[in-house]
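Please open the structure in your viewer and keep the selection tool at hand. The tour below moves from one selection to the next and says what is found at each stop.

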Amino acid sequence: MSTKASADALPTRRASRPAGRRGQPVKPTARQQGAATPWLFLAPYLLLFGGFVVLPAVLGVWISLHSWDYTLPLKPFVGLENYVSLFRPDSTVSGPFWGSMRATGIFTLFSVPLLLTIPLAVALLMSRKFPGRNFLRAIYFAPYVLGVAVVAVLWRYLLDNNIGLVNHYLGLLGLPDDTAWTTSTPAAWVALVGVTVWWTLGFNAVIYLAALQDIPIELYEAARVDGANAWQQFVHVTIPGLKPILSFITIITLLASANMFGQSYLMTQGGPGRETRTAIYQIAETGLRNFQMGSAAAMSYVLTLFLMAVSAFVFWIFREKKESTAKEARS
Amino acid sequence: MTTVEKVDSPVSATESRPVSRRATIARVVILGSIAIAFISPIIFMVVTSFKTRAEAAGIPPTWIPNPFSLQAYESILAPGTGTPVLQWFANSMIAAALNAALVVITASLAAYPLARMHFRGKNVVFAVIVATLLVPPVILVIPNYLIVSELGWLNSLLAVIVPTAASAFGVFFMRQFFISLPVELEEAARLDGANRFIIFTRVVLPLAKPALATLALLAFLGNWNDFLWPVYVLFSPEVQTLPAGLSTLQSANAVRYDLLMAGAVVASVPVLALFVFLQRFIIEGVSRSGVKG
């Protein structure tokens with residue numbers, strides 16, 4: 001179809017060439033494509049997207065309405081029972097599920113604030129040009145390219161009770177050197193949060209750094225002329241300048257923390273007991289190890305609702321703050 | 001904070017120079033020492049992989065292997081161990097390369113009409129694709145397992161190559177890039193009688209090389225490091241990728257940290273090498289992904 005369209009265009013080209021293409025109106029060129037052309041371009045992607053994003057998103061709801069055991073031939077329709085039993089305290093699934101939601105909550109609550117503030121401090125220290133800056137930026141980013149499996153296996157070694165580097169150096173500093181980092185709480189939470197901060201700090205720092213460099217230097221100069229000290233400049237220039245990025249970085253950090261899986265799977269095996277087994281871990285084990293897919297699908301939608309509510313809340317907070325600082329700036 | 005000092009401020013250049021030089025030195029020293037501490041776990045991982053079994057389990061931990069030993073590598077790379085690390089390496093390479101290729105091809109093809117053509121349904125398609133960026137991937141895991149199972153891809157590399165290639169981020173990223181290109185070259189080619197596909201492959205894609213390279217790298221890294229999905233869909237050791245394999249290696253050798261660190265090094269070398277040589281693309285890709293949000 002596009003061949004025909006371009007054949008139509010040929011005479012135009014010959015006729016108009018000497019006059020140049022400046023005067024060419026936009027509309028005819030836009031029409032030179034056949035109606036199917038854009039869809040031919042989109043087809044390969046839409047095939048993947050339909051098959052592995054749209055279809056499963058719908059299929060998941062269907063599964064969650066059935067007692068869907070992957071290994072059994074019959075998958076009877078049970079309506080909302082999978083959802084209801086998640087909220088019934090006497091059911092076998094609700095205890096482990098809400099325990100895992102609690103684990104995800106604890107992890108998110110402690111990791112997100114650290115992952116929002118520490119990378120900002122690093123980015124502020126690196127926002128000015130100095131010798132070796134790009135090298136340092138690369139070092140802070142490096143753990144992120146390793147992937148969670150390497151990071152978790154490595155840190156389980158470093159955090160080993162008896163022969164681990166961490167306990168050894170704590171002992172040298174005169175601190176307790178027998179902490180069971182991966183088999184007792186709250187130490188396991190410190191370990192999981194600490195390792196995650198080490199692993200992903202560079203990712204957030206790089207995003208902050210790019211945003212800091214977009215703040216016009218003139219704003220700082222103007223603030224200085226007005227007599228603002230360093231802290232006031234940070235509060236009135238840097239923070240408002242980071243506003244556009246702040247809600248984005250909060251949301252992606254929040255979602256990443258709420259999706260924590262590998263650290264717990266490899267470092268603590270969800271232990272002690274099930275204390276560090278996160279919601280994702282619980283969903284994967286229920287659906288893909290025990291093959292109770294109906295129940296697991298229901299859990300995944302409940303978790304998703306939670307995440308959407310929290311994300312909406314974050315958006316709302318940032319909108320409120322944006323308005324109030326704008327007012328502040330005007331007054 | 002010190003961010004706001006400006007070295008070449010025209011007014012106070014002479015007075016502020018010594019102070020800011022001292023501040024710069026302090027900054028380099030602070031950031032440098034933190035950086036050394038920061039990177040030391042990775043160094044210790046490499047160091048340990050060259051230790052003997054006894055030294056790796058010894059107290060106190062040592063920073064220089066004595067003797068320098070290849071035992072751990074010989075042991076994990078030997079055939080017939082039930083933990084075929086070389087096979088995992090090959091599987092990871094194949095999966096990540098093919099996945100990255102699929103992402104780059106499908107995302108750039110899809111992004112082009114969304115950036116440059118006018119057609120019915122364009123806004124709806126784009127909105128739906130972008131909306132899925134906010135869908136937590138967890139709701140896709142269970143149903144995708146069934147879909148992959150129906151396709152007969154369970155326990156095969158296809159399961160980790162194809163489903164994750166539907167990259168909404170890729171489409172979004174390439175569309176932004178195409179929009180930023182000047183339209184004149186494409187118009188000139190069109191007036192020369194080229195059809196849209198020829199324009200796309202001969203004019204647009206060559207201009208988009210940096211963006212394509214960045215997207216390919218991010219897709220490769222993402223696939224190479226993916227953990228949850230491969231752990232559950234690849235269950236035989238010989239079809240696993242390295243992250244799933246590391247999990248197998250860990251359950252088989254709970255406290256053989258020499259072996260585990262050697263396995264971790266094998267899993268890290270390709271991505272660290274890519275990072276060292278192409279870090280500009282990776283870091284800029286990540287920071288650009290943020291700026292647009």
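Predicted model: local features only at pLDDT ≥ 70, side-chain atom pairs only at ≥ 80, totals over all residues.

**Chain A: the domains**

Begin by colouring residues 2-80 of chain A, which the domain assignment gives as domain 1, and then residues 85-330, which it gives as domain 2. If you look at where these two domains touch, you will find nine residues from domain 1 and eight residues from domain 2 in the contact. On the domain 1 side, the touching residues are three nonpolar, five polar and one charged.

Next, select residues 101-314 of chain A, for which an unreviewed UniProt entry lists "domain: ABC transmembrane type-1". In the model this stretch is 77% helix and 0% strand, and its end C-alpha atoms are 19 Å apart.

**Chain A: annotated transmembrane regions**

The UniProt record (unreviewed entry) also places the feature "transmembrane region" on several spans of chain A, including residues 39-65 and 187-211. Select residues 39-65 of chain A, and you will see a span that is 96% helix and 0% strand, with its end C-alpha atoms 34 Å apart. Then move to residues 187-211 of chain A, where the chain is 100% helix and 0% strand and the end C-alpha atoms are 35 Å apart.

**Chain A: a helix with a kink**

Where does a kink lie in H11(A)? Centre the view on A:Lys243, shortly before the proline A:Pro244, and you will find a kink of about 60°. While the helix is still selected, show its buried residues, among them A:Gln233, A:Val237, A:Leu246, A:Ile249 and A:Leu254.

**Chain B: domains and helices**

Turning to chain B, colour domain 1 (1-43) and domain 2 (82-292) separately; the C-alpha centres of these two domains of chain B lie 37 Å apart.

Buried residues in H8(B) include B:Phe172, B:Phe173, B:Met174, B:Arg175, B:Phe177 and B:Phe178.

For chain B, too, the UniProt record (unreviewed entry) gives transmembrane regions, residues 199-221 and 259-278 among them. Residues 199-221 of chain B are 96% helix and 0% strand, with end C-alpha atoms 30 Å apart, while residues 259-278 of chain B are 100% helix and 0% strand, with end C-alpha atoms 29 Å apart.

Then pick B:Gly222, which has its place in helix H11 of chain B, residues 209-225. Is B:Gly222 buried or partly exposed? A residue counts as buried if 20 or more other C-beta atoms lie within 10 Å of its own; B:Gly222 has 17 within 10 Å, so B:Gly222 is partly exposed. If you draw a distance from B:Gly222 to B:Gly152, 70 residues apart along the chain, their C-alpha atoms are separated by 24 Å.

**Where the chains touch**

Finally, show both chains together, and look at the 86 residues of chain B that are in contact with 92 residues of chain A. Helix H14 of chain B, residues 257-292, gives the largest share of the chain B side, with 15 residues. By class, the chain B side divides into 62 nonpolar, 18 polar and six charged residues.

Key. Residues numbered from 1 in each chain as written. Chains lettered and ligands numbered in written order. Bend = angle between axes of the 7 residues up to and from the residue. Helix = DSSP H or I, 4+ residues; strand = E, 2+ residues; numbered from the N terminus. Buried ≥ 20, exposed ≤ 12 C-beta atoms within 10 Å, placed from the backbone. Domains from an automatic or database assignment. Contact = placed C-beta atoms within 7 Å. Nonpolar A, V, L, I, M, F, W, Y, C, P; charged D, E, K, R; others polar. UniProt positions renumbered as here; feature names shortened; annotations may be inferred.
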